[in-house]
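Please read the following note alongside the coordinates. It is written for a colleague who wants to check each point against the model.

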Amino acid sequence: MERTKETIYDRIRKLRVKLCMSQEELALKVGYTSRSTIHKIELGKIDLPNSKIPLLAKALRTSTRYLMDGDEKAVETVIQKPAFDIGEEIEKATIFFDGLEYPLDEAKRAMLKKLIRVTVEEEQNK
């Protein structure tokens, strides 16, 4: 039995899942307003505009060549699944400093998430 060839849509979904990224997160990274567009792209139900391919490649930490034709030699980054979701951990975190406990309010949680996001993005752009 002949194996079905993997499509660009399959590769987008596969990489998104490997990165533990939600459809909503990917949508925001590439300029869509909702996850439903990514869902439809992954199903191959809508055409993917050429202008979005480089944005998807960057968000999925791969090359446009890999997304387009599946060339394994073109994969630029080794994808590792994170040990945990730092965003979820921040939601339930309490800071301990000098033996004292400091609960985080929503503003401090948002600031901490932003700091981590900026740090990660700077690392990825090196």
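The points below take up confidence, charged pairs, helix packing, the hairpin and some backbone angles in turn.

1. Confidence. This is a predicted model, and the protein averages a pLDDT of 82, with 86% of the residues scoring at least 70. Confidence is highest in helix H3, at a mean of 94, and lowest in helix H6 (residues 86-91), at a mean of 74.

2. How many salt bridges does a search of the whole structure find? The search finds three. One of them is formed by Glu 42 with Arg 16, whose closest N and O atoms are 2.5 Å apart. This pair links distant parts of the chain, with Glu 42 in helix H3 and Arg 16 in helix H1 (residues 8-18), 26 residues apart. Are the two partners buried or exposed? Glu 42 counts as buried because its relative accessibility is 8%, and Arg 16, also at 8%, counts as buried too.

3. Surroundings of Glu 42. Glu 42 belongs to helix H3, which spans residues 35-43. When its neighbours within four places in sequence are left aside, Glu 42 is in contact with Tyr 9, Ile 12, Arg 13, Arg 16 and Gln 23. Arg 16 in this list is the salt-bridge partner described above, and Gln 23 is one of the buried residues of helix H2.

4. The side chains of Glu 6 and Arg 11 meet in a salt bridge, at 3.8 Å from N to O, while Lys 14 forms a salt bridge with Glu 6 in which the closest N and O atoms are 3.3 Å apart.

5. In helix H2 (residues 23-30), the buried residues are Gln 23, Leu 26, Ala 27 and Val 30. Why do they lie on the same side of H2? They cover an arc of only 105° around the axis, and therefore they share that side. The buried residues of H2 pack against H1, H3 and helix H4 (53-59).

6. Leu 15 in helix H1. Leu 15 lies in helix H1 and counts as buried, at 4% relative accessibility. In sequence, Leu 15 and Thr 62 are 47 residues apart, yet in space their C-alpha atoms are 8.5 Å apart.

7. The hairpin. Strand E1 (residues 94-97) pairs with strand E2 (residues 100-103) in the antiparallel sense, over four bridges, and Thr 94 stands opposite Pro 103 in E2. E1 and E2 form a hairpin with two residues between them, and Asp 98 in the turn has a positive phi of about 50°.

8. Arg 109 in helix H7. Arg 109 lies in helix H7 (residues 106-124) and counts as buried, because its relative accessibility is 13%. Leaving aside its neighbours within four places in sequence, Arg 109 is in contact with Ile 90, Glu 91, Lys 92, Ala 93 and Leu 104.

9. Positive phi angles. Cys 20, found in the loop between H1 and H2, has a phi near 55°, a positive value in a residue other than glycine, and Cys 20 counts as partly exposed at 39% relative accessibility. Arg 61, in the loop between H4 and helix H5 (64-69), has a positive phi of about 55° although it is not a glycine, and Arg 61 counts as partly exposed at 30%. Just after H2, Gly 31 takes a positive phi of about 95°.

Technical notes:
Residues numbered from 1 in each chain as written. Predicted model: local features only at pLDDT ≥ 70, side-chain atom pairs only at ≥ 80, totals over all residues. Heavy atoms only, no water. Contact = heavy atoms within 4.5 Å. pLDDT = per-residue confidence, 0-100. Buried < 20%, exposed > 50% of the residue type's maximum accessible area, 1.4 Å probe, protein only. Salt bridge = Lys/Arg side-chain N within 4 Å of Asp/Glu carboxyl O. Pairing = 2+ DSSP bridges. Arc of directions from axis to C-beta.
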